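Reader: I would like to learn how to read a fold from its coordinates. Could you take me through one, feature by feature?

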Amino acid sequence: MKRRMILGEKGVFSVFGICALGTLLFLSAALYAVCASHMSAERRFLARTALRNAAEDGVRLAVSRMNSEAGVSAKAEAAVLKHAQLFDGASGDAKYKVYARSKDGKILLLSVGERGEERARVIGVAEKKDGKYSIDHWEY
């Protein structure tokens, strides 16, 4: 009789071991899912940041071209009633388009960074001081 109880007790320990392994498996799967979610969020953040940087590059290039080319600055200053597309280009693997509109003596430079279906927009407000344009402030 004692021998049967010892064998029965060994089976209980096996059941507890299987339950412990199942719990560890469940916790590791949950941890993996959380890490995968964080990694995808980080990838989206880096992609948005790259697009915003490309759009900022477009605004900076627009200010540079407005200071060096009279035709570009004249086109930007003439866009009073509606926006005018100044130019488009690429920064890294993202493309951007730069639009301008003149309002209250300042020029609003809108740059749209695009990669695939994703877009990021940046507005730089340029002001003319001492015959040169400079960015007064940014709007995101």
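Author: Let's begin with strand pairing: two strands pair if DSSP finds at least two bridges between them. Strands here are DSSP runs of E with at least two residues, helices are runs of H or I with at least four, and both are numbered from the N terminus. In this case β4 and β5 are joined by seven bridges in the antiparallel sense. Before going on, note that the model is predicted, that local features need pLDDT of at least 70 and side-chain atom pairs 80 or more, while totals for chains, interfaces and linings use all residues. Residues are numbered from 1 along each chain as its sequence is written, and side-chain values use heavy atoms, leaving out hydrogens and water.

Reader: Which residue of β5 does I123 stand opposite?

Author: I123 faces E139 there.

Reader: In what order do the five strands form the sheet?

Author: The order is β1-β2-β3-β4-β5, in an open sheet with antiparallel pairing. At its edges are β1 (84–91) and β5, each of which pairs on one side only. Ignoring direction, neighbouring strands are turned by 30° against each other on average. Such angles are taken between axes, lines fitted to C-alpha atoms (for helices over the stretch in contact), and run from 0 to 180 degrees between N-to-C directions.

Reader: Which strands does α2 touch?

Author: Contact means heavy atoms within 4.5 Å. Helix α2 packs on the sheet and touches β1, β2, β3, β4 and β5, with its direction at about 125° to that of β1.

Reader: Which residues of α2 are buried?

Author: Buried means under 20% relative accessible area, exposed means over 50%, and partly exposed lies in between (1.4 Å probe, protein chains only). An α-helix has 3.6 residues a turn, so residues three or four places apart point the same way. In α2 (residues 70–78), the buried ones are V72, S73 and A76. They share one side of α2 because their arc around the axis is only 95°, taken from the directions from the helix axis to the C-beta atoms. On the face turned away from that buried side, A70, G71 and A78 are exposed.

Reader: Where is D104, and is it buried or exposed?

Author: D104 belongs to the loop between β2 (94–103) and β3 (106–115). Its phi is positive, about 55°, although D104 is not a glycine. With 74% relative accessibility, D104 is exposed.

Reader: What is the phi of D130?

Author: D130, also not a glycine, has a positive phi near 55°. D130 lies in the loop between β4 (118–129) and β5 (132–139), and is exposed at 83% relative accessible area.
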